[in-house]
Amino acid sequence: MIETSPQAQRRSRVLVVDDHESIRMLFQRLLTVDGHEVFSAEDGAAALEAVARHQPDVILLDVAMPTIDGLEVCRRLKSDVATRLTPVVLVTGQAGLSDRLRGLEAGADEILEKPVHPNELRARVRSLLRVKYLIDALDSAEAAFMALALTIEARDPMTNGHCERLAKHAVRLGRALGVCDEDLDALHRGAYLHDLGKVGVPDHVLLKEGPLTRDEFDVMKQHPVIGDNLCAPLQSLKRVRPIIRSHHERLDGSGYPDGLRGDAIPLLAQIVGVVDVFDALTSRRPYRGPLTPQDAARHLLEEVEQGRMSRKYVDAFLEILCLGGVGAVH
Ligand SMILES: [Fe+2]
């Protein structure tokens, strides 16, 4: 039976990597009979190229190969955002405890010992494809949220390009502050999704030209909660949700929606908060022109003076923008 993704209705793609042609042929024959589209590569370098070209759903990877061995290929795939969720099966002639541990440390999802029984190989591929399809389904939900976030941005012509600029600056600031790769990834996605909850804010409030009334601001203040609730069912957005919920919190407790103070505000939300304010100030509004970068920098330093933003984060951000010499307004 052909294993197909319910979403894509396409044949599943399997990449077989082995330096022995006989094994490549054997696996290819077995898996083609099961209806999979099978690609093959004869060494590690060719495997990495084939992954980029064919985007396989499952990878069967020989461990002992010349130049780049299977463990190294696995490590590289699992550290790349584009491929880290693709299941990898290490196929090895040596599957003692230490070999298995090395394979698992490299990030392998399964380890099979040669000679592999054909039925076991087919069963493992089928079960990993089910995992891959679940991951793809979650990815699709996230992609839909991303599209929605950009649609919301497009509702307001004044904020055009805001998410993209925010993503670029938030990742640069995160990198300067030494956050880990997973958090840099969360910053990138969080920058796009931070205002997702504005989907629940009516146009007459969201697009109002001029200051909001108290009641209108109360409605606007719900957008972090709405966005967080929308993303709650998605495990893939676990690291992104604190950014969505807390990007308007301020260190002195004057922010919203939870009035968090100091270290209780997640670090990534503080980073997006700093960059978000800067971008808003330097963008045109219906009731005012864009501030110069220097004036926006002075405003951020004022926030620091008032105890609302972290001096460390604001200084690092202004350093990135070459605005480190600007003084606060008093
Ligand atoms: Fe916001």
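The model is predicted, so local features require pLDDT of at least 70 and side-chain atom pairs pLDDT 80 or more, while totals for chains, interfaces and linings use all residues. Residues are numbered from 1 along each chain as its sequence is written, and side-chain values use heavy atoms, with hydrogens and water left out.

Select residues 13-17, strand β1. Helices (H or I, at least four residues) and strands (E, at least two) are DSSP runs, numbered from the N terminus. Five of the five residues in β1 are buried (under 20% relative accessible area with a 1.4 Å probe and protein chains only; exposed is over 50%, partly exposed in between). Arg13, Leu15 and Val17 point one way from the strand, and Val14 and Val16 the other. In a regular strand, side chains alternate between the two faces of the sheet.

Then select residues 58-62, strand β3, which pairs with β1 in the parallel sense over four bridges. Val14 has Val58 of β3 as its bridge partner.

**The iron site**

Move to the iron ion and display Asp195 (OD), His223 (NE2), His247 (NE2) and His248 (NE2), which coordinate it at 2.1 to 2.3 Å. Donors are N, O and S atoms within 2.8 Å of the metal (3.2 Å for Na, K and Ca); water is not among the atoms, so sites may look incomplete. Along the chain, the donors follow the spacing D-x27-H-x23-H-H. His247 is buried, with a relative accessible area of 0%, and His248 is also buried, at 16%.

**The cavity**

Finally, show Glu249, Arg250, Gln270, Arg308 and Met309, which lie nearest the centre of the largest cavity among its 13 lining residues. On a 1 Å grid over the protein atoms alone, a cavity is a set of points where a 1.4 Å probe fits but cannot get out, and lining residues have an atom within 4 Å of a point. Helix α12 (residues 267-281) supplies the largest share of the lining, four residues.

Notes:
Two strands pair if DSSP finds at least two bridges between them. On a 1 Å grid over the protein atoms alone, a cavity is a set of points where a 1.4 Å probe fits but cannot get out, and a pocket is an open set with protein on both sides within 12 Å along at least five of seven lines; lining residues have an atom within 4 Å of a point.
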